Amino acid sequence: MNADAVVLDIDGVLVDVADSYRRAIVDSVERVYDRTIRKEDIQQFKNAGGFNNDWELTYAAALYVLATEEGYRGSIDDFTDAIAAEGGGLEAAESVVRDAIGAQATQRIQNRWDPEELRDVFQQLYLGADLYRGLEGGEPDIETRGFIHDEPVILEAETRDALLERYDVGVLTGRPAAEAEIALDRVGLEEAIPLEHRFTMDDWEEGKPHPRALTTLADRFDAERVVFVGDTLDDVRTANNAEEADPQREYDGVGVLTGGLTGEEGRRAYEAEDATAVLESINDLPTLLE
């Protein structure tokens, strides 16, 4: 590919988050509302677009659960398809509910819908009591070890060293900065990637698939060709949007099958979004680039 720089997502690329972030989404809705979605339903929200922030995905999942109690009869597929048709994201989810069940029922949902409580429960479950005290600055209601400790490393040391030796390497993630640091330390990249070569949730408002973070990293690297590796359709869309926004450079969106998109179905979904390549895992990247 003759790439100058490689930019990596974290979740589903460097570490497996099936039993951490995704479990926290499902369990947070369950704890607050006594009902929830299935873990496999999470990918439907991801595919709809606009849910790079897992807190907002949690809010949308709770919105669906509450809407079904107020007369919404659509399936998760119907709900997420409608969100995609509205442009994706949490605002689209709110619009879908409002249009489907009317103003009065929506108001009853709004009276029960509590994103602040959902976020707090999510952070307690994900971080665990000790990290919650340190990062959130409060006393947890749930005394737990934390799902963050259940994130197997995907990136092999040989792959990491090959990328660092041959390319400028950056990170573009929807994680908060502190949680990104924990994951990067676990995979051996915390000291190797300086802060100016990272974009986290704390560094920009737009989120994926907006191209600003990726084009900014390309500019900081002074790169002519950038490969962005992610595990969602929004990651590929980010690269494609960057190509359109910054035509003097080349951007390649590469999807991996170690996140929510897996197997031949995942491969086809990436290809439908014009991914440059689809890999079984990040560990196949050096061979692709060579």
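Visitor: What does the side chain of Gln123 make a polar contact with?
Guide: The side chain of Glu136, at 2.9 Å. A polar contact is an N or O pair within 3.5 Å, one able to donate a hydrogen and the other to accept it; residues adjacent in sequence count only through side-chain atoms on both sides. This is a predicted model, where local features need pLDDT of at least 70 and side-chain atom pairs 80 or more, while totals for chains, interfaces and linings use all residues. Residues are numbered from 1 along each chain, and side-chain values use heavy atoms, without hydrogens or water.

Visitor: How many residues apart are Gln123 and Glu136 in sequence?
Guide: They are 13 residues apart, and their C-alpha atoms lie 8.1 Å from each other. Gln123 belongs to helix H6, residues 115-136 (DSSP runs: helices are H or I, at least four residues; strands are E, at least two; numbered from the N terminus).

Visitor: Is Gln123 buried or exposed?
Guide: Gln123 counts as buried because its relative accessible area is 1% (buried is under 20%, exposed over 50%, partly exposed in between; 1.4 Å probe, protein chains only). Setting aside residues up to four places away in sequence, Gln123 touches Trp55, Gly128, Tyr132, Glu136 and Glu179 (heavy atoms within 4.5 Å).

Visitor: Glu179, then. Which residues of helix H8 are buried?
Guide: In H8, residues 177-187, they are Glu179, Ala180, Ala183, Leu184 and Val187. They sit on the same side of H8, because they cover an arc of only 135° around the axis.

Visitor: And what covers the buried residues of H8?
Guide: The cover includes helices H1 (21-33), H6 and H7 (157-166), together with strands S2 and S3. After H8 comes Gly188, with a positive phi near 85°.

Visitor: Switching topic: in what order do the strands form the sheet?
Guide: The 6 strands run S3-S2-S1-S4-S5-S6 in an open sheet, with parallel pairing. S3 (198-199) and S6 (277-279) are the edge strands, each pairing on one side only. S2, residues 168-172, pairs with S3 over 2 bridges, and Val171 has Arg198 of S3 as its bridge partner.

Visitor: Where is Thr173 found?
Guide: Thr173 is in the loop between S2 and H8. Thr173 counts as buried, because its relative accessibility is 1%. The Thr173 side chain reaches the backbone nitrogen of Arg175 at 3.0 Å.

Visitor: Which residues is Thr173 in contact with, leaving aside neighbours within four places in sequence?
Guide: Asp9, Ile10, Asn52, Ala180, Phe199, Thr200, Met201 and Lys208. Of these contacts of Thr173, Ala180 is one of the buried residues of H8.

Key: Pairing = 2+ DSSP bridges. Arc of directions from axis to C-beta.
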